[in-house]
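Hi,

Here is the structure I said I would pass on. Have a look at it first, and then read on for what turned up.

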Amino acid sequence: MVAAIGSARRGASVILLEKNEKLGKKLYITGKGRCNLTNDCDEEDFLKNVPSNPSFLYSAIYGYNSRYVMVFFESLGVKLKVERGDRVFPVSEKASDITKALTKELARLKCKVETNTKVTGIRIDNGKVIGVNTGTGFIETDAVIIATGGLSYPSTGSSGDGYKFAKGAGHEVVEPTPALVPLKSSEEFIPELAGLSLRNVDLSLFASGKLVFRDFGEMLFTHTGVSGPLILSASGHYKDGTAEIKIDLKPALDWNELDKRVLKDFDENKNKQFKNSLDALLPSKIIPVVIEKSAIDPEKKVNEITRAERERLISAIKAFDLKVDGTEGFSQAVITAGGVALNQINPSTMESKICSGLYFAGEVLDVDALTGGFNLQIAFCTGFLAGEAASEAVLKAKT
Ligand SMILES: Cc1cc2nc3c(=O)[nH]c(=O)nc-3n(C[C@H](O)[C@H](O)[C@H](O)COP(=O)(O)OP(=O)(O)OC[C@H]3O[C@@H](n4cnc5c(N)ncnc54)[C@H](O)[C@@H]3O)c2cc1C
């Protein structure tokens, strides 16, 4: 949509082809329906949040930074607000307002929008785009912008068609993999913890015994594993096979402070059974699992617990461990890593270096970012750049 707007504003006549019955189906579910459309940060900070291939985005982000995107949406009548972590949302908290604003602007610019129209192939002649095939026929064009998204949440329309088109035009595609994705765990206690959300925990991910990720924040247990902001960020560091997560459930207290706190709680509950002594310390759902990990008899009287047993309890709280054995895959991945290889694309225009008139924008490219509005910012800045560059090239060729 943004690529079409960029093109039309520069004077090109534009047709937007969308295979769904409506535009922006994925946008509706972004930011839990609130659409975290960008991050109010400077270009340098933006690039720090793009772990793969940030340098490819220099022209796009310096040309159309988050301020540009914010001014763009405000000029379309969408009031914005900035929340924690510089995340930008519509004041209305409705992702649908973003789609509505874009749809209105497309109409104002007289872009021809054809929904329920699936592109089935790109037609190329002598190294130059000549048009696209759709389910119902051939549309002749001077340029084509592929903005078909990745493979995640395929129910929204992003089912990887763009990769086929790119390959058909001679492009290499870096194998797409699910990213920002919940992790699976077959630990027996997982179903018992489903729905439990943990705030202010310190989480470490180990692969082959090596620490590959550590951060502080929020996570949650699902029926099949773990999810939430910390896990989505950690997932970028998970490769195939088994990995281990260790959660410090009480990061504000070091070992000795926690020991003192437990002693105090034990003192207050000395005649109770161990299983009934942890209510003030931990969320109730996790207590039986922590008890199991501590290998202390749950029926034991608190005043009979030995020092060695107490140390095992502290260990179970400061390093609550679980094995991870996979990801939830594309159906639940927020984004797709990998995509159309960047060395065959001109970063100043987003045009293919091997097929004239063919442009790419958004998640179909081999760039991806962390959570915080950075992925939509990538889609917007590459969309504006591709749209304007395509328009200029086409109009120049005609004069
Ligand atoms: C649950 C969820 C929440 C998210 N929340 C955020 C967030 O808050 N902030 C953020 O920055 N990012 C978020 N993202 C990521 C962000 O939505 C994507 O990175 C972004 O939408 C990519 O934009 P795109 O235009 O490249 O692709 P898409 O948004 O996937 O759009 C591609 C479009 O192309 C159409 N299409 C595909 N193939 C064809 C074809 N052959 N013919 C015609 N049309 C076709 C599809 O139907 C689709 O409408 C979220 C993602 C998910 C899944």
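Helix α13 gives the shell around the ligand its largest share, four residues. Before going further, please keep in mind that this is a predicted model, and everything below was computed from it.

The rest of the ligand site, then. Three helices each put at least two residues into the shell: α2 (25-29), α7 (161-168) and α13 (374-398). In total there are 30 residues around the ligand, and the ones that come nearest are Glu18, Asn36, Asp161, Glu363 and Leu376. What is the make-up of the shell in terms of nonpolar, polar and charged residues? It splits into 13 polar, 11 nonpolar and six charged.

- Glu363 uses its side chain: one of its polar atoms lies 2.6 Å from an oxygen atom of the ligand.
- Leu376 uses its backbone, with a polar atom there 2.7 Å from a ligand oxygen.
- Asn375 also has a backbone N or O atom facing a ligand oxygen, at 3.4 Å.

As for how much of the ligand is covered, the protein buries 88% of the 1,000 Å² that the ligand exposes when taken alone.

Next, a bit of sheet. Strands β6, β7 and β8 form an open sheet in that order, with antiparallel pairing. Which strands sit at the edges? They are β6 (119-125) and β8 (137-140), each of which pairs on one side only. From one strand to the next, the twist averages 30°. If you zoom in on β6 and β7 (residues 128-134), you will find six bridges between them, in the antiparallel sense. Within that pair, Ile122 stands opposite Val132 of β7.

Last, the charges. Side chains of opposite charge can pair when their charged atoms come close. How many salt bridges does a search of the whole structure find? The count is 25.

Cheers

Definitions and conventions. Residues are numbered from 1 along each chain as its sequence is written. This is a predicted model: local features need pLDDT of at least 70, side-chain atom pairs count only at pLDDT 80 or more; totals for chains, interfaces and linings use all residues. Side-chain values use heavy atoms; hydrogens and water are left out. Two strands pair if DSSP finds at least two bridges between them. Axes are lines fitted to C-alpha atoms, for helices over the stretch in contact, and angles run from 0 to 180 degrees between N-to-C directions. A residue is near a molecule or strand if one of its heavy atoms lies within 4 Å of it. A polar contact is a pair of N or O atoms within 3.5 Å; within protein, one must be able to donate a hydrogen and the other to accept it, and residues adjacent in sequence count only if both atoms are side-chain atoms. Accessible areas come from the Shrake-Rupley method with a 1.4 Å probe; for residues, only the protein chains shown count as cover. Ala, Val, Leu, Ile, Met, Phe, Trp, Tyr, Cys and Pro count as nonpolar, Asp, Glu, Lys and Arg as charged, and the others, Gly among them, as polar. A salt bridge is a side-chain nitrogen of Lys or Arg within 4 Å of a carboxyl oxygen of Asp or Glu.
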